[in-house]
Amino acid sequence: MGLLALGTPLEWKDAKLQADRVRTLGIQQLLEIWNAYKGNEKDVLLWGDEIEYLVLHYDEENKNATLSLRQAEILAALANDRELREAGGGVPDIQDTKKQKEPLPTYHPEFGRFMLESTPGAPFSLAWKDLLSVEPNMKLRREIAKQHMKPNETPVTFPSFPRLGTKGVFTTPYHPPTGNKSRSQFIPDEAINPHIRFPTLAANIRARRGSKVAINMPIYYDEKTTKPFRDPTIDYERYLYPEDDDVRNGAAKEGHIYMDAMGFGMGCCCLQITFQAKNIVEARTLYDQLCPLGPIMLALTANSPIFKGFLADVDARWNVISGAVDDRTEEERGLKPLKDSRFRIPKSRYDSVSTYLANDPRLRPEYNDLDLVIDEKIKKRLMDNGMDEPLATHFAHLFIRDPIVIFQETLDAPPEGKSDHFENIQSTNWQHMRFKPPPPGGNIGWRVEFRSMEIQMTDEENAAFAIFIVLLTRVILSYGLNLYIPISKVDENMATAHHRDAVLSNKFWFRKNLFPPRPSSRKQHQQNGNGGSSTPGTPSRPGSPASLPPVEDEYALMTIDEIMNGPKDLGDQDSDDGEGFVGLIPLIESYLDTVNVDVETRCELARYLTIVRKRASGELQTGATWIREFVRSHSDYKKDSVVTERINYDLMKLIERMGVEGRVDSITDRLLGKRND
Amino acid sequence: MPQKCLLKTSNIMTTSSGAGVHRPGHATRSNTELLTALRENIRGVDGEGSTTAKVVLDEVVGEEVLRVPFYDSPPVGLQEEREEYDVTVKLFHLPTTAPVHQPAYTSAAISAVLRELSTPRIDLLIIAFPGITFDADDLPPTPAPEPIVDPATAPAPTAEIAALLPSYNVLESLHQTGVISRLGISEFGTSRLESLLPFTTVKPSVDQINVRDCCVVPKPLIVYAKEKGIELLTHNDCAEVIDGREVEKLFREEGVEGWGEAEDGKKVVPLWVAKYTAVVRSRGVVENKGYIAMVEILP
């Protein structure tokens, strides 16, 4: 989350009247930024991760683990910590910016009042010592956070609190779920960060939608689960708010766990990685090339098999968040004919990317095969002001959305030199990649954020996946890899990635040949060699469209093991002609063989790559599989899909230990591998 | 008369469809990489003033050389300013050549790479000698007292070190003239390093160890290297980087000028191989990687 402006937020009925104005001002700000920064060149690679924590509170007497709602106090304690402040770290709003010697990590509020977000105090570079400092830095962040909590509180890196929204006590202190903002029958408003932006977000999403959000995740049917499963925690007889009718009108689906509030989604923790590219061209290339990796990495990091106290038949959180902020009206969702709404919109604001945006000759028109909804007037305005079509289309697509929270004060202030209106739309489009223009006035360049991964229970895993993505970007740029597949296939993969054990049981669409085509002659190669500002490694124009094979021949269904480790059967893979699919990990190893790496770094990187490699091959389990097995083998489990207080308590205790110690006895062997494995 | 012949791959990062990529299940073979990329480059000949092979007076080598392939256009070089890059060159001396020729080969190889990248200098030059392979169990023979050696009074170098010193001296003089910033050697264990160092005026900054040994580098070597300011880097090159018969086969298969399909008794004897990489320092992007090799064709 960015800086949190204070002010007077508009209720939805007032905000919607200002939507056009915010969009107009937002586009004005975007054009200002674009004009100022489109010529940026040679920005270095800087990158950083964002790690989100749940803050737990243990009731040792009753053996219950709950969510602590002391976010504000903990952040204040962190900010007030003198040492931290002197070192230049702390909470961004409050820190004084005088000294930046050994920048300590920074902590940020999040939607859930039981969450913290941490980022490194300064971005990482590609220097090997920086890569090796990622895991220690994550450990340090966890430690510092812990030091500012009460003895019976602890931060854990876990995507979705297993008993969020259950009937029992799941927050400390307890609050009944009767709040007016969410109007949820499961989550109290007191679990939302009280900063006025957040309750307003929840309320305005609900108001815009015309009902509460409705999230239905399939139940995992175990031996003794009632069949068909009808979520027993739903109160059909509540008459507190008009939205209580939702469940009486069929909002909850049979066979599913039903959730009715933004908190179920925005209360999830993610692992996000942001890169600075050398220029806008490279940023757009990375955005497109990483896009097909989103679902693959979601399946590989799957860590969310439990929602609202039930084992679910999915392993990943993504769709829960997607549903939790789905502010589309019935007209937009296609349930009613269009009357007041402007568009039919097929996806939530939080969903997979719908359009590639690079200005890249490799981007065949067939890849952008979704019926993209755009605001034509905005596209025209951007193009009239010199923006090229793919980028203008991208922003015209983001800007079909309304701003959800508008602060009155921002409407009265001059828009120049700022990005607040632009960000109002941009940063409430939560797609699995984010293309981030530079903040005005600073010297930060064009950035790309990779957003699909689930947070892992240990810092070793989080470091492994973060470093994997960073190295992969270097491989993509160095070898000029082409990962394009039709974007509808990325959507399909995103759905597949949720399946229970998708990493081993499902196949994913992936491009068969990632390498640039051979230049047909030297002349062509020469011309491309003089590309000036073009990305090194960006391959040549692949000849005339007529010479290209049908798009359908370019991709195939593959297992994640094949995608990561390469095909097992190497029968006709003779290296003679260089054809054939090469896995992403062998590609990274080839890259590491090419650049100068010291032995210690290479050995450490091998440890991280091993985690990714073995997760893909099934030698190691995903967090989701491991947690599901933990629950199912717990003595308190009745084989009825219910994750009881006691199971949750034991699980959280173990996860806390893993967060601090990494491997715990032999319990974590199938997740992390044996010590020194 | 033997005919000297210069082989070139061009930039294998972008032109060879992953020729440089390690494929699981295969041993990583830099020789395969070299041959695959060379084949690509020969196939890229488009006939307009270019040809698979042509004899030219090579100003770098100082004699007539057969170029395979031959392009009439100059090398592409680097795309950005020189300071943006780390240029690393690894020079492989081969078991097929006599040590006495190695100093001349060293000069020629470095000149050829400088020309290929259109750069006046190399950041790191690593020299690899035949027959020297790393031994993870290699320990210093005794807890040797640190010898303070004056080359004038020092004991004579071992035969192995004596054989490679002339080449190393070439690198030292190129270091002094600023052509090479840092020197490196490959596959040296502690005792070999101890034998070499007293006879150097410019100490190696780098010792390259095969990646399969990177997690089992013996402690004494780590300690010794740190003390001497030598960085231990990894590589994944095979012991035999080029094989003359493979090159002959490739020439015949690709119909290189002067090579028919039938055996005619012509032989290829490799003289040296240079592998070069140019990496954009601040972004870790490999922009250029390739091989240049000199072979001799015996009629």
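**Entry 1: chain B overall.** I began with contacts, meaning heavy atoms within 4.5 Å. In chain B, 74% of the contacts between residues at least 6 apart in sequence join residues at least 24 apart. Before going on, I noted that this is a predicted model, where local features need pLDDT of at least 70, side-chain atom pairs count only at pLDDT 80 or more, and totals for chains, interfaces and linings use all residues. Residues are numbered from 1 along each chain as its sequence is written, chains are lettered from A and ligands numbered from 1 in the order in which they are written, and side-chain values use heavy atoms, with hydrogens and water left out.

I found seven helices and ten strands in chain B; these are DSSP runs numbered from the N terminus, helices being H or I of at least four residues and strands E of at least two. For burial I used relative accessible area: buried is under 20%, exposed over 50%, partly exposed in between, with a 1.4 Å probe and protein chains only. Of the 299 residues of chain B, 59% come out as buried.

**Entry 2: chain A overall.** Chain A has 26 helices and 17 strands. Its residues number 677, and 64% of them count as buried. I looked up its contacts too: of those with a separation of 6 or more, 76% are between residues 24 or more positions apart.

**Entry 3: strand β7 of chain B.** How many residues of β7 (residues 206-210) are buried? Five of the five are, so the strand is largely enclosed by the rest of the structure. B:V206, B:Q208 and B:N210 point one way, while B:D207 and B:I209 point the other. Strand β6 (residues 180-186) of chain B runs parallel to β7(B), joined to it by three bridges; two strands pair if DSSP finds at least two. Opposite B:D207 I found B:I185.

**Entry 4: B:T234.** This residue sits in strand β8 of chain B. Its relative accessibility is 2%, so B:T234 counts as buried. Leaving out neighbours within four places in sequence, B:T234 contacts B:Q208, B:I209, B:V211 and B:C214, and across in chain A it contacts A:V597, A:D598, A:V599 and A:R602.

**Entry 5: a cavity.** I counted six cavities of 30 Å³ or more. A cavity here is a set of points, on a 1 Å grid over the protein atoms alone, where a 1.4 Å probe fits but cannot get out; lining residues have an atom within 4 Å of a point. Which of its 15 lining residues are closest to the centre? They are A:T594, A:N596, B:T88, B:Q208 and B:K275. At least two lining residues each come from α22 (584-594) of chain A and from β4 (85-93), β8 (231-235) and β9 (267-280) of chain B.

**Entry 6: A:L45.** Where does A:L45 lie? I found it in the loop between α2 (19-37) and β1 (47-59) of chain A. Is A:L45 buried or exposed? At 1% relative accessibility, it is buried.

Conventions:
On a 1 Å grid over the protein atoms alone, a cavity is a set of points where a 1.4 Å probe fits but cannot get out, and a pocket is an open set with protein on both sides within 12 Å along at least five of seven lines; lining residues have an atom within 4 Å of a point. Grid points are joined across faces, edges and corners, and a volume is the space filled by probe spheres set on the points.
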